[in-house]
Amino acid sequence: MSAYRKVSDFLKLWLRAYRAPFLTASVAPVILGTSVAWYEVGKINFISGLLALLGTVFAHFGANIFNDYYDHLTGCDDNNPDFTPFSGGSRTIQNGLLTARKAFWAGLLAFLLVVLIGLLLVVYTGHPALIIFGIIGLAIGFLYTAIPVKLAYRGLGEIGIFIAFGPLIVIGASYVQTGTISFLAFLASVPAGLMVMLILYANEILDEKADRSANKNTIIVKIANRNTALKIYRLILYVVPIWILISIIAGFFPYWSLIILCLLPKYIRTIKLSKKQFKDAKELILLSANTIQLQFLMTIMLAVSFILAALTG
């Protein structure tokens, strides 16, 4: 085997184990928070922004692989016959590509890199309060499935994801640039966090049987009715554009934020898709895919609107 092939296989394994394709859920909120700061103060520091982005990426990596590790220990992923590209974990442990021990140490390494990047960011920006953001983020990422807390097993995973990928990342990225807690960043963080929460929510519908067998009491398991779960999905989806439009009308968001209306056709398609009569859980894969796309596009377009407003004065 050539050296190139070895490196390629190594990268493929670890990108799969860390679930790199899901990074859109964390990268977009960082860009949004940075854009809000640009809009508010008229400038940004690209180095501190890049460090914030790297720290968030490694935190997301670590959370993902710790999730796989603890869902393996509880049997949740091992007993999931309906896994999909969007749910059921990376399957690296289940397929024998990684031992559970290696997965744990890989998570620890990712979190260690977060700590190092965070300390560098504190020194570079002179904002020691960033340590608080880091501690909260790592705590949510680890305790999401870590025994004995297991937030996701107690019906608290969804709110944890909302906080971590919404207010924590968006306000944190803004704080990196300005050194102040921004109310505008909070307003922008709500739709961002709700969209990431909807990604988790849609995937939990796919994982309902496995989660129930492992006593993982997600909101979907507690609802115990797919039609009701999908109605709640649509309700949250309605809240996102309404929140943005109210923020524009109230004068908090720039009029450029109306560009999210370009996503109206995709919103409508996603809502129609959620109203289908699904005979099998795997038929919901398309809903998960649409939710992921919508989350990224909505968050990035909102970020672009703040950038355009900053550039046009």
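Are tryptophan 14 and tyrosine 18 buried or exposed? Tryptophan 14 is buried, and tyrosine 18 is buried too; here buried means under 20% relative accessible area, exposed over 50% and partly exposed in between, with a 1.4 Å probe and protein chains only.

Before going on, a word on the model. It is predicted, so local features need pLDDT of at least 70 and side-chain atom pairs count only at pLDDT 80 or more, while totals for chains, interfaces and linings use all residues. Residues are numbered from 1 along each chain as its sequence is written, and side-chain values use heavy atoms, leaving out hydrogens and water.

Let us stay with the aromatic rings. Rings of Phe, Tyr and Trp (its six-membered ring) pair if their centres lie within 6.5 Å; planes under 30 degrees apart count as stacked, over 60 as edge-to-face and the rest as tilted. By this rule there are 16 aromatic pairs. The rings of tryptophan 14 and tyrosine 18 have centres 5.8 Å apart and planes at 40 degrees, so this pair is tilted. For tyrosine 69 and tyrosine 70, the centres are 4.8 Å apart and the planes at 80 degrees, which makes the pair edge-to-face. Tyrosine 69 is buried, with a relative accessible area of 15%, and tyrosine 70 is buried at 8%. Both belong to a cluster in which ring pairs link Phe66, Tyr69, Tyr70, Phe104, Trp105, Phe111 and Phe142.

Next comes the nonpolar core, a set of buried Ala, Val, Leu, Ile, Met, Phe, Trp, Tyr and Cys residues joined through side-chain atoms within 4.5 Å. The largest one has 53 residues, and Leu32 and Phe253 have the most contacts inside it. Helix α7 (residues 183–206) gives the most to this core, with 14 residues; helices (H or I, at least four residues) are DSSP runs, numbered from the N terminus. Leaving aside neighbours within four places in sequence, leucine 32 is in contact (heavy atoms within 4.5 Å) with residues including Ala188, Ala192, Leu302 and Phe306.

Helix α7 also packs against helix α12 (residues 285–312), at an angle of about 170 degrees and with the axes 8 Å apart. Axes are lines fitted to C-alpha atoms over the stretch in contact, and angles run from 0 to 180 degrees between N-to-C directions. The two helices are therefore roughly antiparallel, the word for angles over 145 degrees. Among the residues that meet are Leu184, Ala188 and Met195 in α7, and Ile292, Met298 and Phe306 in α12.

Conventions. Parallel < 35°, antiparallel > 145°, perpendicular 65-115°, else oblique.
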